[in-house]
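Biologist: Could you walk me through this model? I'd like to know how to read the chain order and a few backbone details.

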Amino acid sequence: MFDDISLRLDAGRLLLILGPNGSGKTTLLRCLAGVIRPIKGELTCAERRAFLGHRTGLKAALSCRENLGFIQSFHGRSRVRPDQALARVGLAGFGLRLASTLSAGQTRRLGLASLLVSERRIWLLDEPYASLDDEGGALVDTLIVDHLEGGGTVALSTHQRMPDIGAEPIRLHLCANRPENH
Amino acid sequence: MFGPLWALLSQDLRLAIRHGGESLMPLMFLFSVIILVPLGVGPGPNLLSAIAPGMIWVAALLSSLLALERLFRPDFEDGSLEQWWLGHLPVYGLVVVRLFSHWLITGLPIILFAPIAAEMLFLHPDALGTLMISLMLGTPILSLVGGLAAALTLSTNRGSVLLSILVFPLIVPVLVFATGAVSVAAEGISPQTHLGLLAAMLVLALTLVPLAVASALRLNIE
């Protein structure tokens, strides 16, 4: 997919991964998450990471509160309670609703809430703006700014909207992937 | 330390209860077979009691296959399987928990209802204890070996056929020794040798299979 990437990401910095479809943005993020092992090279990371992809890892048959409760005990307890996280992402009062009854945008918001309840300093977000309205996009920006100010680190891929945060992000442009001729 | 394991187990059981009917399918299947067999081969107690060990075990084996397709696939499709590599624990532990919850949902009900099935097929009363022990030793092996096949066929679309082909050869020794144990017990001979071999297979499967499942899952998500 890609080769020869070398970068260092310190606490409080935002990495922006840009590139056309199929250029390997998701692959790079999954690689940073440790889900995929790089064929060559190494990844040094002292912290546990949270990864939010297209598939949010939420169970349709469980309620929003049950989903967040699971993530909290699975990924380590943070101080944020599920109901607080839901209120933060604009889903206040949705605690008992089944995740299957949420719209696409609301599911993305529940995914964002899952980041808040899992105590992780490093967030890896794959297309966090997908299927969110303008208000939802602004919410993502606010969450990222708060997380960076709290000493966290964020890497995100996007091809629609650019994150609107104060500091200048590190930009990484991936080129279109040419199919090899075999 | 055990928080994530407990979280996964309680989520699995909660989902199983919420999918109610689907979770009861293996048990329903077992009883359909036990009820239909006397209608097919005739209700004579002698014939039925001779084939009872084999029938109960074959039904248990086939019914454990039913739930295998959904062992890892829902997590694979909704993205929560990837999260297993982001947790605090080695995936080995999570695999053990998932297989244990699969056994609780499919294997344990079969063991609990086995006395009724044995009664319906006129199994010799002396062999009932051996049947229960053979099921206790054997059904976890079915879950373990089935779990390995489910993990290997995860990224193939509709892997059910492949899954059964993978499971059957590996499970034949279990079937042979389990039904052997029940048959010899019905004849009044001690089934210790058969049960000992079954227990050895369980220990072997319990120690090695979760490692293999963890690497098979990793291959599929990469």
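This is a predicted model: local features need pLDDT of at least 70, side-chain atom pairs count only at pLDDT 80 or more; totals for chains, interfaces and linings use all residues.

Biologist: What pattern does chain A follow along the sequence?

Modeller: Residues are numbered from 1 along each chain as its sequence is written, with chains lettered from A and ligands numbered from 1 in the order in which they are written. Helices (H or I, at least four residues) and strands (E, at least two) are DSSP runs, numbered from the N terminus. Chain A has five helices and five strands, and in sequence order they read β-α-β-α-α-α-β-α-β-β.

Biologist: What percentage of the residues in chain A is buried?

Modeller: A residue is buried if 20 or more other C-beta atoms, placed from the backbone, lie within 10 Å of its own, exposed if 12 or fewer, and partly exposed in between. Chain A has 182 residues, and the buried share is 40%.

Biologist: Is Glu127(A) buried or exposed?

Modeller: Glu127(A) sits in the loop between strand S3 (122-126) and helix H5 (134-149) of chain A. Its phi is near 50°, a positive value in a residue other than glycine. Because Glu127(A) has 20 C-beta neighbours inside 10 Å, it counts as buried.

Biologist: And where in chain B is Phe122(B)?

Modeller: Phe122(B) has phi near 55°, again a positive value in a residue other than glycine. With 18 other C-beta atoms within 10 Å, Phe122(B) is partly exposed. Its place is in the loop between helix H5 (91-120) and helix H6 (128-152).
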